[in-house]
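Here are my notes on this one, as numbered points. Have the model open while you read.

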Amino acid sequence: MYEDSWYNFVPDHTHKRNPSVQQSSGHRRRESLLQPPNGSKQPDVVEQLEELFEESETSLDLPEPTLSRRAKSYSDFYHVVRAQLSKDGASKKKRKKVKERNLEALMVEKLEKGTLRQGLPRLECLDAKLIEASQQEYLLYRDQLEMTERHLDTLIRDANGALDLLTSLADSFRAVESQTSSFQAQCDDLLSEERRLQKLADDVGTDLHYYAYLDGVTRRLNAPGASRLVNHENFGEILTNLDACIGFMVKHPEYRDAESYLARYQSLLTKALHLLEVGFTGHLDRISSEISKQIAATQSESARHALAYGRFEEMVLEIDGLVANAQRVVRSCYDQLGNPTASQSFDYYSNTAVNIFSYYSDVRDRDLRPLTQHDLEVFRKDTKEINAETACRNFIKQCYERSYDEASLFAKIFSIEPQYNADPQSAYAALKSQQKALVNAANITPIATTLQSILHTSELQTICNLLGWITNEYLILEYDEEETTRYSIHCHDLTARLLIEHLWPFTDTAFDAEVTKSLSKAPVSPDSLKITPVVNGVASSNAHPITKRALELLAMYDQAMPKERSSSPVVFRIINETILAMQRVESRLKSNKAANPDPDPDLFMIKNLLILKNGLVSLEIGDVRSHPAAMQHFGQIWDALSPQNWLGLFRGILGGSLSLGLWSSAASASSASNGKTVPARGQVQPEQDANEKLDELLRQSIYAFTQRWGTLINAARSGKRGAKSLVTTEKELDERLLTAFGGQPEVVAKLKEAIQINAQAQKELKAEKVVR
């Protein structure tokens, strides 16, 4: 606000000191009163005083205050006052003496009182000047402080004035705000109304667009050159706008003439899709007429493959606008994997897509017919010259490669990769319905038909070998990111459908026919009723031919099928028919009424049933029912027939508390403890596990065999009349067991142990009857 020079301004005083005399700060000697007047010239040389008598200057300041003792009485106060007055008088005398000594030091004669009184005014004037000169600096500071004080007072007054002005302005603004609040509220209402009207106008304009679009698109689709619209990408915008208009009319049926406009838009959509279908099929016809001639004119396989796939793809994608519009239609009803997508115009788009797929399949089947015929000729030739199994393998490989090429071409043209889907509206179902001679991702019927025509007359072993090769080669994938390719995944999907839909049912039928032929209706010759010695230590070498054939069928089925199908009805039928055949043989053997028939029918059943049981265990076939069920782990039969359970079991049967029948392992354990009866022989549930049925029959045969031989051993020990000796009986038993189970000492030992337990049970029961 003010310049710095204003603060530093100091007015000049009237009393100025002699410039020749320098004034220094601090305490110093006073100036001599004998200084000559100004203007008189004095010599520069000053005579030296002969002797200076000067004492130290005594301070003229006020004495330092001292704290007097408090008077205890009036007399004390009197002495204090008198002492103080004496002290003040002494100080005055001392000052007077000091003054006189100063004059003596200056060699000034002592003036008389009259002369001294005359010089007092002059001294007082000089003292005033000296005091003023000594206070010059402080007076300057006082003037500056007074000036600063006046300036600060001015600033305070200005600040107060500005504050008053701001307060008045704030009051004015508050008054204006209170006066304009109603105006602002009205403006806000007007703005809200403006926005509402703008939105309403936009909505009306948007809704009007769905009505106004009808005339323009009708003229475009009915114009003479409308068929050429499908070759351009803007045709897709027409389809998009028609979808939007149809959706609007469906969403707002209450609008004026909504039903009429909806019908007209749907009609225009149908017309647009028909134009696209006609344009795409015409494009395929032009390509087919050229490609088919070139394929028929060449005999080279590589040239045919290049024409059928490389050249065909290039020619189809030349008109990119048409292909893009076709892809747009397909993706409007299917996703990337060919699954149907819900939309308001699904039926229109799906109908057009299915028609395009059908025509495309017809064109591909017609163009590639020379390649298909050539593959069939090679297959038939290999069947005659090499063998059916090798020919089938080569044919499957060729068909898988053809299917993969077709799937890749289809994905590039239509931008979808149809996967298996049971939905009838899916793209896979649409392609599967097109049964052609050409193999593709959905049409595997030609492969199955061609293979079955050859395998129908082949041996069952050939069928099993082929199915085992297909399963191991294509169905079981090694999930390695580096090795697993799109081709292997494609082959895996084809193999799964080929086996499930065609080859597995065909193989089950072939096994059923073989079971009926070699097990159900197998003739039983008299030579097969004998138990011959074991050959080369092979336990199944002396089994019945029907049992051997059953083992062969089980091994072939296990080779052809994965473990998940080991509980199929075919396995159940093999086991069940084998058991029935063994029961027929047992009936013939029991027709011999001898006390100790040869061959022993019970030993015959034990031998064949044990071989069949061991075959199931070795093939890891667990739960085998007439209808497929979950696999279950079964224990070893000898673990279930532990000796500690047999004694109580035999005593219960011999004593009449248990009935002789088909008792399972669980029933036998509970029967030994509580004496409950079990179902009678032959009462087998229709859903019974084939393994359980086999175990029950095996236990029954073991019991019958051990009971008879236990009776013979007890008779030999007791020396009963007509009975053989114990040595002869045991020797005969050993011969029969070694003949039946040669090389199986564990089985022989367990059967002997069971016979001894049965004999002991008979003996204890007889002793109890004697006691009673």
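1. Start with T298, whose side chain reaches the backbone nitrogen of S300 at 3.3 Å. That is a polar contact, meaning a pair of N or O atoms within 3.5 Å, where within protein one must be able to donate a hydrogen and the other to accept it, and residues adjacent in sequence count only if both atoms are side-chain atoms. T298 sits in the loop between helix 6 (258–297) and helix 7 (301–316). Helices here are DSSP runs of H or I with at least four residues, strands are E runs of at least two, and both are numbered from the N terminus.

2. Is T298 buried or exposed? T298 counts as buried because its relative accessibility is 18%; the cut-offs are under 20% for buried, over 50% for exposed, and partly exposed in between, with a 1.4 Å probe and protein chains only. Setting aside neighbours within four places in sequence, T298 touches A303, R304 and L307, contact being heavy atoms within 4.5 Å.

3. A word on what you are looking at: this is a predicted model, where local features need pLDDT of at least 70, side-chain atom pairs count only at pLDDT 80 or more, and totals for chains, interfaces and linings use all residues. Residues are numbered from 1 along each chain as its sequence is written, and side-chain values use heavy atoms, with hydrogens and water left out.

4. The overall picture: the protein chain has 24 helices and 0 strands. Of its 772 residues, 36% count as buried. Among contacts between residues at least 6 apart in sequence, 74% join residues at least 24 apart. The chain exposes about 46900 Å², with carbon and sulfur atoms supplying 54% of it; areas come from the Shrake-Rupley method with a 1.4 Å probe, and for residues only the protein chains shown count as cover.

5. D257, in the loop between helix 5 (234–251) and helix 6, has a positive phi of about 55° although it is not a glycine. At 44% relative accessibility, D257 counts as partly exposed. S415 has a positive phi of about 65°, and it is not a glycine either. S415 lies in the loop between helix 11 and helix 12 (427–432), and at 23% it is partly exposed.

6. Now helix 13 (residues 445–455): P446, I447, A448, T450, L451, I454 and L455 are buried there. Their cover includes helix 10 (369–385), helix 11 (388–414), helix 14 (460–475) and helix 15 (486–520).

7. Axes are lines fitted to C-alpha atoms, for helices over the stretch in contact, and angles run from 0 to 180 degrees between N-to-C directions. Nonpolar covers Ala, Val, Leu, Ile, Met, Phe, Trp, Tyr, Cys and Pro; charged covers Asp, Glu, Lys and Arg; the others, Gly among them, are polar.

8. Helix 24 (residues 745–771) also packs with helix 23 (residues 726–740), at about 145° with axes 10 Å apart. L733, D734 and L737 of helix 23 meet V748, L751, K752 and I755 of helix 24. That contact divides into 5 nonpolar, no polar and 2 charged residues.
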